[in-house]
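Here are some notes to read alongside the model. Have the picture open and go through the points one by one.

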Amino acid sequence: MDVLQIIEKYYTPGTQLYDLLIKHSSSVAERAIQIAESGRAGDVDKNLIYEAAMLHDIGIYQTDAPKIYCFGAQPYICHAWIGAEILRKEGLPRHAEICEKHTGAGISTDDIKAQNLPLPQRDMIPSTPEEEIVALSDKFYSKSKPDKIFTIEEVRKSLSRFGEGPLSRFDGWVKKYIG
């Protein structure tokens, strides 16, 4: 599969948004493959991990996040399920699942209801190694600070504001995949 061909159906090469998306996604994909090849992940689909990591933020263009060159109508929190819908329409259901579940350390139905989030009311928590590895890898990079690689402690601090569930999931992934 040519992930750039898919991305370029929705993004114009050479624009600030395209360049930022490619930089971020490439960083996430590189880290995800390093984790997948570390031996700690077991038997995982490395091609799926790479492709899904490259496509995990495909929905950002439909969100309102001007600091990262996104001028759509939807709140940024919606980018993962928007991206998942795009990937389902592209005939990529496994990639769509990874995309939908990468936000934070996953979002539960209870979190969606309690925080009145503008998301479909369903669990969006990674449950396969491929989903976990892409979500974990994404935590170390931010599109708003594209040249920074966050430390585990910086990620923990950021996730802690969302409660014990996401922090606990992240800690579990770190222990499982990084050591």
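1. Let's begin with helix 3 (residues 46-55) and helix 7 (residues 129-138), which pack at an angle of about 40° with their axes 10 Å apart. Helices here are DSSP runs (H or I, at least four residues), numbered from the N terminus. Axes are lines fitted to C-alpha atoms over the stretch in contact, and angles run from 0 to 180 degrees between N-to-C directions. Helix 3 and helix 7 are therefore oblique to each other (under 35 degrees counts as roughly parallel, over 145 as roughly antiparallel, 65 to 115 as roughly perpendicular, and the rest as oblique).

2. A word on the source: this is a predicted model, where local features need pLDDT of at least 70, side-chain atom pairs count only at pLDDT 80 or more, and totals for chains, interfaces and linings use all residues. Residues are numbered from 1 along each chain as its sequence is written, and side-chain values use heavy atoms, with hydrogens and water left out.

3. Which residues of helix 3 and helix 7 meet? From helix 3 come L48, I49, A52 and A53, and from helix 7 come E130, I133 and V134. By class, that contact of helix 3 with helix 7 has six nonpolar, no polar and one charged residues. Contact means heavy atoms within 4.5 Å. For the classes, Ala, Val, Leu, Ile, Met, Phe, Trp, Tyr, Cys and Pro count as nonpolar, Asp, Glu, Lys and Arg as charged, and the others, Gly among them, as polar.

4. Now try helix 4 (residues 79-89) and helix 5 (residues 93-100), whose axes come within 8 Å and cross at roughly 175°. That makes helix 4 roughly antiparallel to helix 5. On the helix 4 side, the contact is made by A80, W81, G83, A84, L87 and R88, and on the helix 5 side by H95, A96, E97, C99 and E100. Sorted by class, this contact of helix 4 with helix 5 has six nonpolar, two polar and three charged residues.

5. Helix 8 (residues 152-160) packs with helix 9 (residues 164-178) at an angle of about 160°, their axes 8 Å apart. Helix 8 and helix 9 are therefore roughly antiparallel to each other. Helix 8 brings I152, V155, R156, L159 and S160 to the contact, while helix 9 brings P166, L167, F170, D171 and V174. Seven nonpolar, one polar and two charged residues make up the contact of helix 8 with helix 9.

6. Finally, find M1, in the segment before helix 1 (3-7). What does M1 touch, leaving aside its neighbours within four places in sequence? M1 is in contact with I6, E51, L55, L92 and H95. The C-alpha atoms of M1 and L87 are separated by 13 Å, though the two residues are 86 residues apart along the chain.

Definitions and conventions
Helices (H or I, at least four residues) and strands (E, at least two) are DSSP runs, numbered from the N terminus.
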